[in-house]
Amino acid sequence: MSARIIDLFSDTKTRPTAAMRAAMAAAEVGDERAGEDPTVNALAERCAALLGKEAAVYLPSGTMCNEIALAAHCRPGDEVLCDATAHIVGFEGGGPAALAGVMLNPIAGSRGIFDAPQLAAKLRVDNPQAPRQRLVEVEQTANLGGGAVWPLATLRAVAETAHAAGLATHMDGARLFNAVVASGVPAAEYARGFDSVWVDFSKGLGTPGGAVLAGSRAFVAEARRWQFRIGGAMRQSGIIAAACLYALDHHVERLAADHAHARRLAEGVAALPGVAIDPATVQTNLVYFEITDPRFDTATLAAATLARGVRLCPMGPRLMRAVTHLDVSAQDIESALQVLGDALRG
Ligand SMILES: *Cc1c(COP(=O)(O)O)cnc(C)c1O
């Protein structure tokens, strides 16, 4: 028996590996705020190239990337169109209203994904009564959409519709690399047509923090101003940027293993009584399932599995999430299924 918890709560639960820590310890560093940290500068340049953009800025978190992007693209009173389940709607502390001063106009997509006709139906005729529409935001992959991957053609059509209407486009790429590995489509192809895009390093890539926001030189200059304004500039942050560079070299391809584990988990969950999932919808590392057994809700089921060593993430009264990542092995998935089955039967 081991006291180790199999932590399926989130892919943010990864801890830096020994090799990542060695890369961090060896990092060349400088004063990031003054643009003098060589490791941070190398990371930003590499990410700009990977994402097909002119420039990039290193920031502490993905949330800050979203908030700064909204502020850089918009003026107070402007309207941002996004899926109703988007991270900026429900998970950023009301930042879009408090910081950028924007209105969010949610679109009822399917699994976090909307298409160009749904966007077109939301476009307003320019009219002094209406908020000025300024930005369209998408999430690749869609977190509350179950880790669904936006098809490239859908992204392209959405971006074209937005630009034709004079709107800018922003991509939340918290799990863009999961989409890249699942589909084989390069990151720059997904990001083409998006005026700004960011990637997170603290999710499946397994670093202790850090995200990179990319766009045109002019956009990044404005983002840098917002970075200072909200206190997001750091000092010798090459220590963390070194972990991000390490992750780009060593933790991208291996996301395929997380996806295989997620599929296996979904198939196993589908075979259990009292829970429901369509395993065919699991494309990446997020596994959402419904609790159908009336004896349980997410709080009681999560408590029952945690008591047996498996941590799950309640996302609503009956909606549970399990996330695979670097610190979860194939054997852990089998153990987690055993535990979930025992909890549901016990
Ligand atoms: C986690 C997440 C974020 C925020 O990233 P942090 O680095 O945790 O601030 C934004 N969008 C999506 C879709 C996420 O899953």
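This short talk covers one aspartate and the ligand site in the structure above.

A word on the source before the details: this is a predicted model.

I will start with aspartate 83. It lies in strand E3, which runs over residues 79–83. Aspartate 83 is buried, and it has no salt bridge. The nearest side chain of opposite charge belongs to lysine 122, and that is 10 Å away. A salt bridge here needs a nitrogen and a carboxyl oxygen within 4 Å.

So what does the side chain of aspartate 83 make a polar contact with? One partner is the side chain of threonine 85, at 2.6 Å. The side chain of aspartate 83 also reaches a backbone atom, the nitrogen of glycine 109, at 3.0 Å.

Now the ligand. There are 15 residues around it, and which come nearest? They are Gly62, Thr63, Asp172, Asp200 and Lys203.

Two of those five have side-chain distances I can give. A polar side-chain atom of aspartate 172 lies 2.5 Å from a ligand nitrogen. For lysine 203, an N or O atom in the side chain is 2.9 Å from an oxygen atom of the ligand. Arginine 175 also has a side-chain N or O atom 2.9 Å from a ligand oxygen. On its own the ligand exposes 380 Å², and the protein buries 87% of that.

Methods. Residues are numbered from 1 along each chain as its sequence is written. This is a predicted model: local features need pLDDT of at least 70, side-chain atom pairs count only at pLDDT 80 or more; totals for chains, interfaces and linings use all residues. Side-chain values use heavy atoms; hydrogens and water are left out. Helices (H or I, at least four residues) and strands (E, at least two) are DSSP runs, numbered from the N terminus. Buried means under 20% relative accessible area, exposed over 50%, partly exposed in between (1.4 Å probe, protein chains only). Lys and Arg count as positive and Asp and Glu as negative; His and the chain ends are not counted. A polar contact is a pair of N or O atoms within 3.5 Å; within protein, one must be able to donate a hydrogen and the other to accept it, and residues adjacent in sequence count only if both atoms are side-chain atoms. A residue is near a molecule or strand if one of its heavy atoms lies within 4 Å of it. Accessible areas come from the Shrake-Rupley method with a 1.4 Å probe; for residues, only the protein chains shown count as cover.
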